[in-house]
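Here is a friendly walk through a structure, taken one region at a time. Please keep the sequence and the 3D view open beside the text as you read.

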Amino acid sequence: MNMPKLIEAMNELDDELILAAAADPQTKAKAPLFRRPLPAACACLLVLVLALAAGLAWQGQRGAAPFVLTAYAAQDAGGPLASQLRPGQAVPVSAFTAENGLKGAVFSHAAQDPKAPASVLILADGADAEGTIRAIAGLELERGTVYLFCVLPEDGKAGHSFPYLLRNEAQNTVTALSISIERDGDGYSAKIENVVTTEQRAAS
Amino acid sequence: MNGPCSSFLQKEAEGWRIGRSSSCIFGGTSAIRETDRKYGRLCLSLSRNILASGEDARECVSDAYLALWRRIPPEKPEDLMAYLAKIVRDLSLKRLDHDRAKKRCPELLLSFEELEAVLPDERFAAQADGAALASLLGAFLRQETPTARSVFLRRYWFFDSVRGIAARFGFSESKVKSLLFRTRRRLRAFLKKEGIDV
C-alpha cells in the first residue's frame, strides 16, 4: 500500500502542534479512581443495587440518613468491596491512592437526580482542597452518583471525622452526619455517626 | 565537548534551555548521549510504531542522532524534541517505504487506510505540494479542540494504536475511534472547502 500524501505532509507540521501532542494529555490519563483494576460497570451496578435495597430497608427508621452511603474496601481479587454504612456500625474501608499519591477513603451515595452528572466531593481536613480537586479531576464516574473522597492524613495513625451535610429538596430536610475513619489493623474502618435529620425551614 | 560548537549540555549548564524561545546548539558525543537520555524513549516508540521491529527502530533512531549531529549547526531548531521526532518519523517512513517486502504492522496499515479515505494520493498530487497541505492541515488542527487535535496527531503523527491512545487519554477505545472518525470527516470537509478536490 502506498503511503498517503497526508502522512508525509504531516512531517512539516509546526513544532507546537507536535509538542502539544507529545506532552501528557490535559485530561488526566486513565484517571482511575482506584489503582487496582476496577470493573466499573459491576461496581456501579453493585452500588445501585445496594442503594435500592438499603433505601427500602431504611425507610421509616428514626435517626437513619435518608440516603445510602456506600463505603469501598479493596480486596485481594476482583473489584472493591462495597458495604453500606449504618449509623454506629463500622465497616472496612481502604485508603485508595489517586494518581498523584494522595490517599483517601471513598464513599458514594446516589444523587437526588439520577440523570445528574457524577460529582466528587473532597472532604479534607485542612488539606489543600484546590490542589486535591485538581489531582483527582477528570475521573470518569457514574452519572447520578455523588462520590466522596475523604483525604486521609499522611501519618494515617489518628482517627478522622468528616462532617457531611446533605440537603433533600424533595423531602425538604437536611441531614447532618459525620463519617468517622479509624485505623483498624492494617486497614481502616469507617462508620457514620451523629446522624441528625431536620426539616428545612423556609427563609423568612 | 570541544569542537566547532559547544554541546547543548554545556549550554544548559550555562542556563540555556532548549525550547521555543531559545536557539540550541548541538555537538559532541555527550550531546548525543544526553539527547538519547531525554528523548530516546519517545523516538524509539515512534519508530517502533512505524517499523514494528525493535531492531529496525533502534537503527533508525541511531541514524536520526547522526543526522541531528550533522545538521546542527548550521540549523538551529526552535525545539530539539520536535525537530528530532520529525527526523525519526521521516527516516522511519522512508525505511518503511524502502523495505516494501517486509511485513507491515497492521495497526499502521489501518491508519494509512483511514487517512487515504480522507485524501487519496492520485487525486491530490496534482493540486498542491506537501508544504501547502501541511499548512492546511495545521490550520485545520488549530481550529479543532485540544483533545481532538492531540488524539488525531497521536494516531497519524505518532502512529499510536487506538488502544494506546485510549489508555493515554483515559477514554474507551470506541470513544477514540469515534473521535478520529469525526475529525477525519471534518478534515475532509475542510480540505474540500479549501479547494482540494477530495
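In β10(A), the residue that bridges to A176(A) is V196(A). The strands here (DSSP runs of E, at least two residues) and the helices (DSSP runs of H or I, at least four residues) are numbered from the N terminus. β9(A) and β10(A) pair in the antiparallel sense, with eleven bridges between them; two strands pair if DSSP finds at least two bridges between them. This is a predicted model, in which local features need pLDDT of at least 70 and side-chain atom pairs count only at pLDDT 80 or more, while totals for chains, interfaces and linings use all residues. Residues are numbered from 1 along each chain as its sequence is written, chains are lettered from A and ligands numbered from 1 in the order in which they are written, and side-chain values use heavy atoms, with hydrogens and water left out.

Follow the chain through the turn that links these two strands. The hairpin of β9(A) and β10(A) has two residues between the strands, and G185(A) takes a positive phi near 65 degrees there. Further along, N194(A) lies in strand β10, which covers residues 187-199 of chain A. N194(A) also has a positive phi, about 50 degrees, although it is not a glycine. Most residues other than glycine have a negative phi. Is N194(A) buried or exposed? With a relative accessibility of 58%, N194(A) counts as exposed. The cut-offs are under 20% relative accessible area for buried, over 50% for exposed, and partly exposed in between (1.4 Å probe, protein chains only).

Strand β8 (residues 160-168) and strand β9 (residues 173-184) of chain A pair in the antiparallel sense over nine bridges. Within this pair, S161(A) stands opposite S180(A) in β9(A). The hairpin of β8(A) and β9(A) has four residues between the strands, and here N172(A) takes a positive phi near 55 degrees.

Now turn to β5(A), where H109(A) is found. The side chains of H109(A) and Y164(A) are joined by a polar contact of 2.8 Å. A polar contact is a pair of N or O atoms within 3.5 Å; within protein, one must be able to donate a hydrogen and the other to accept it, and residues adjacent in sequence count only if both atoms are side-chain atoms. H109(A) is buried, with a relative accessible area of 3%.

Strand β5 (residues 103-110) and β1(A) pair in the antiparallel sense over two bridges, and T70(A) has S108(A) as its bridge partner in β5(A). β1(A) also runs antiparallel to strand β2 (residues 81-85), to which five bridges join it. In β2(A), L85(A) is the bridge partner of L69(A). Which residues of β1(A) point each way? L69(A), A71(A) and A73(A) point one way, T70(A) and Y72(A) the other way, and all are buried. In a regular strand the side chains alternate between the two faces of the sheet. Strand β1, residues 69-73, is mostly covered, with five of its five residues buried.

Chain B is built from other elements: it has ten helices and zero strands. Of its 198 residues, 51% count as buried. Contact means heavy atoms within 4.5 Å. Among the contacts in chain B with a separation of 6 or more, 63% are between residues 24 or more positions apart.

One place to look in chain B is L153(B), in helix α8 (residues 146-156). L153(B) is buried, with a relative accessible area of 0%. Leaving aside neighbours within four places in sequence, L153(B) is in contact with M10(A), L13(A), L17(A) and A21(A) of chain A, and with L141(B) and F158(B) of chain B. L141(B) is twelve residues from L153(B) along the chain, and their C-alpha atoms are separated by 9.0 Å.

Finally, visit the loop between α2 (29-51) and α3 (54-71) of chain B, where A52(B) is found. A52(B) has a positive phi of about 55 degrees although it is not a glycine. With a relative accessible area of 45%, A52(B) is partly exposed.
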